[in-house]
Amino acid sequence: MCGIVGYVGDQQALGVVVEGLRRLEYRGYDSAGVALCDAVRLHARKRSGKLANLDKVLDEQPLPGASIGIGHTRWATHGAPNDRNAHPHLDAAGRVAVVHNGIIENFAALRAELEQSGVEFASDTDTECVAHLLALELDRGLDLTAAMQSVCRRLEGAFTLVATAAADPSRVVGARRNSPLVVGLGDGENFLASDVAAFIAHTRQALELGQDQVVTITREGVRVTDFDGRPVEGTAYHVDWDLSAAEKGGYDWFMRKEIYEQPRAVADTLLGRFTREGTLQLDEMRLSDDELREVDKIIVLACGTSFYAGLVAKYAIEHWTRIPCEVELASEFRYRDPIVDHSTLVVAISQSGETMDTLQAIRHARQQRARVLSICNTNGSTMPRESDAVIYTHAGPEIGVASTKGFLTQIVACYLLALYLAQVRGTKFGDEITEIMDQIEAVPAALQKLLDGIGPVEELARELSTARSVLFLGRHAGYPVALEGALKLKELAYIHAEGFAAGELKHGPIALMEEGLPVFVVVPPQGRDQLHEKMVNNIQEIRARGARTIVLAEEGDEVVVPYADTLIRLPRVPTLLQPLVATVPLQVFACELATALGHDVDQPRNLAKSVTVE
Ligand code: F6R
């Protein structure tokens with residue numbers, strides 16, 4: 001949700017900033033802009049639409065060389081996504097330029113105050129207030145750092161700000177509250193960005209900033225303070241992936257690359273967790289075993305695909321630990337007076353670690369004294385810092401806007417947590433845990449085999465590219481898979497898609513069945529309760545009404561064959577692990593169908609990867 005870059009150093013800032021924006025474009029693509037600061041003045045260029053539009057403007061109206069620059073790629077909140085609302089925003093005299101991610105909630109009052117004192121606004125954004133306020137502080141004789149501290153004290157809401165001023169061509173100043181900002185530590189150069197991907201080509205040394213902090217970068221160094229100007233320490237860390245992880249590596253889309261990375265991502269998430277002695281080790285677990293024994297309820301909080309990972313996890317958590325587990329949309333949680341106390345374990349699932357709804361939900365849970373554990377893919381992000389414990393998924397950077405490897409590794413991390421709880425609470429014997437871990441550890445190879453034979457799913461997607469509606473049915477742990485399959489198709493192909501619990505079919509959705517309607521059915525493995533049999537009945541019911549059945553069933557399941565118009569074979573895994581394999585064909589289907597329709601798979605319309613506003 002908006003990507004921000006700032007640079008000070010010996011390289012040409014324009015190249016560094018635009019390259020950084022290219023790596024952050026997944027965060028928003030409503031407009032893009034840059035401002036450079038040379039020894040004389042500020043120079044800005046901006047344009048609505050994708051970064052390619054800005055590239056064109058920069059070709060037509062080149063900027064002078066400069067070693068200080070800031071840039072922005074926007075996901076619009078205040079103000080339409082047009083040229084006038086594109087960032088950077090400058091004050092009237094063009095002395096200070098600012099870029100912003102977030103929403104300044106008291107902007108109306110600030111704007112009214114500024115307008116009363118004669119300031120004329122050039123955009124409809126909340127951000128422009130900051131440019132004018134900074135200019136007023138610079139007029140009072142403050143330097144840019146002190147001006148930023150002073151302005152931040154007046155702002156309400158969520159914001160990452162990065163600014164540069166003509167009067168001070170040696171520094172870039174950033175600030176953060178509730179929105180992400182990391183510092184890249186270079187040699188004779190320093191960087192600010194919403195995400196390390198922006199500067200990974202230059203340095204893998206990073207500095208994590210805390211809440212309500214202002215950071216000043218110069219060629220020589222980095223200084224961090226709170227909003228009152230008191231020095232504080234950032235936390236330095238080494239980024240454990242490199243530039244190649246942030247590039248497409250020969251694939252047409254990041255999403256496709258990330259789908260194919262899933263065997264590796266799952267294996268990396270499992271790496272080092274299970275010792276030879278047969279005990280589970282979760283290194284980032286900062287909750288003691290005694291505290292985990294006190295837990296009497298688990299609430300999983302997440303949004304979107306991560307929420308579906310939570311829905312999958314519930315089956316395993318309750319089955320293995322016997323602890324009641326609720327799964328709730330983070331955006332709903334704190335508005336309903338939830339029953340939470342010190343013995344509640346809140347599990348927040350977030351690929352980015354920055355999703356505002358989830359972040360606010362865990363803050364609410366902590367206020368009620370709940371213990372919070374986050375499952376997160378992004379080192380240095382806000383959620384792990386604000387949690388009592390964290391399990392990192394080691395998926396590597398996920399750049400395609402639609403989550404894929406994030407989802408699978410979140411499920412794996414939830415399973416590790418569930419097994420750990422089962423271990424410390426004694427609800428599973430050691431040999432049972434060993435057996436389940438063996439089954440999970442076999443998943444990467446199963447995924448690889450599945451991907452090696454995925455061609456027919458791609459063909460199916462091309463064949464169905466004119467479909468106006470597609471339905472997905474699942475049962476038990478396959479139900480969230482159906483929801484995820486539908487979400488992927490909606491967000492990438494922009495066609496109507498819905499996921500249903502197969503048992504609900506007769507309670508309404510069956511009315512939708514008509515001749516030729518494609519319906520994916522995720523069939524549970526054979527031999528578990530009566531789930532398989534019931535699902536086969538469901539397939540017959542929809543087929544009898546003319547629907548085209550696309551059946552995902554495990555290898556060796558011959559019962560489904562007569563009822564499948566198209567059969568997609570899944571590797572044989574236990575029921576609770578089936579979501580890890582069954583989701584993959586649905587990801588591939590959505591990716592390929594959207595490609596066939598000519599859509600931008602990595603940057604679907606109206607979306608942004610990291611939703612840092614509520
Ligand atoms: C869908 C998708 C989103 C995210 C959701 C939560 O493909 O990617 O639904 O899953 O916005 O994001 P995180 O996991 O970063 O909190």
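Trainee: Which residue of β23 stands opposite Val522?
Mentor: This is a predicted model, in which local features need pLDDT of at least 70 and side-chain atom pairs count only at pLDDT 80 or more, whereas totals for chains, interfaces and linings use all residues. Residues are numbered from 1 along each chain as its sequence is written, and side-chain values use heavy atoms, leaving out hydrogens and water. Strands β22 (residues 518-522) and β23 (residues 548-554) pair in the parallel sense over five bridges, where strands (E, at least two residues) and helices (H or I, at least four) are DSSP runs numbered from the N terminus, and pairing requires that DSSP finds at least two bridges between two strands. Within β23, the residue opposite Val522 is Leu552.

Trainee: Which strands form the edges of the open sheet of five strands?
Mentor: The strand order of this open sheet is β21-β20-β22-β23-β24, with parallel pairing. An edge strand here pairs on one side only, which holds for β21 (496-501) and β24 (566-570). On average, neighbouring strands are turned by 20 degrees against each other, direction ignored, with axes taken as lines fitted to C-alpha atoms (for helices over the stretch in contact) and angles running from 0 to 180 degrees between N-to-C directions. The edges are therefore, given that strands count as paired at two bridges or more, β21 and β24.

Trainee: At what angle to β21 does helix α17 run?
Mentor: Helix α17 spans residues 478-493 and lies across β20 (469-474), β21 and β22. Its direction relative to β21 is about 175 degrees.

Trainee: Why is α4 described as largely enclosed, and how many of its residues are buried?
Mentor: Helix α4 (residues 127-139) reaches 19 Å from its first C-alpha to its last, close to the 18 Å expected at 1.5 Å a residue, the expected span being 1.5 Å times one less than the number of residues. The cover over its buried residues includes β6 (96-104), α3 (107-116) and α5 (144-152), contact meaning heavy atoms within 4.5 Å. Buried means under 20% relative accessible area, exposed over 50% and partly exposed in between, with a 1.4 Å probe and protein chains only. Helix α4 is largely enclosed by the rest of the structure because the number of buried residues, out of 13, is 11.

Trainee: On which residue is the kink in α9 centred?
Mentor: Helix α9 (residues 304-321) reaches 25 Å between its first and last C-alpha atoms, close to the 26 Å expected, and 13 of its 18 residues are buried. Its kink is about 30 degrees, where the bend at a residue is the angle between axes fitted to the seven residues ending there and the seven starting there.

Trainee: Which residue of β18 is the bridge partner of Ile349?
Mentor: Strand β17 (residues 344-350) has seven of its seven residues buried, so it is largely enclosed by the rest of the structure. Five bridges join β17 to the parallel strand β15 (residues 297-302), and six bridges join β17 to β18 (residues 371-376), again running parallel. In β18, the partner of Ile349 is Ile375.

Trainee: Is Arg171 buried or exposed, and what is its relative accessible area?
Mentor: Arg171 belongs to the loop between β7 and β8 (172-177). Its side chain makes polar contacts with the side chains of Thr145 (2.5 Å) and Asp168 (2.7 Å), a polar contact being a pair of N or O atoms within 3.5 Å; within protein, one must be able to donate a hydrogen and the other to accept it, and residues adjacent in sequence count only if both atoms are side-chain atoms. Arg171 is buried, with a relative accessible area of 14%.

Trainee: Which residue's side chain is joined to that of Glu398 by a polar contact of 3.1 Å?
Mentor: Glu398 is found in the loop between β19 (389-392) and α13 (405-425), and is buried with a relative accessible area of 5%. Beyond four places in sequence, the residues it touches include Glu258, Gln351, Asn377 and Lys609. The side chain joined to Glu398 at 3.1 Å is that of Ser403.
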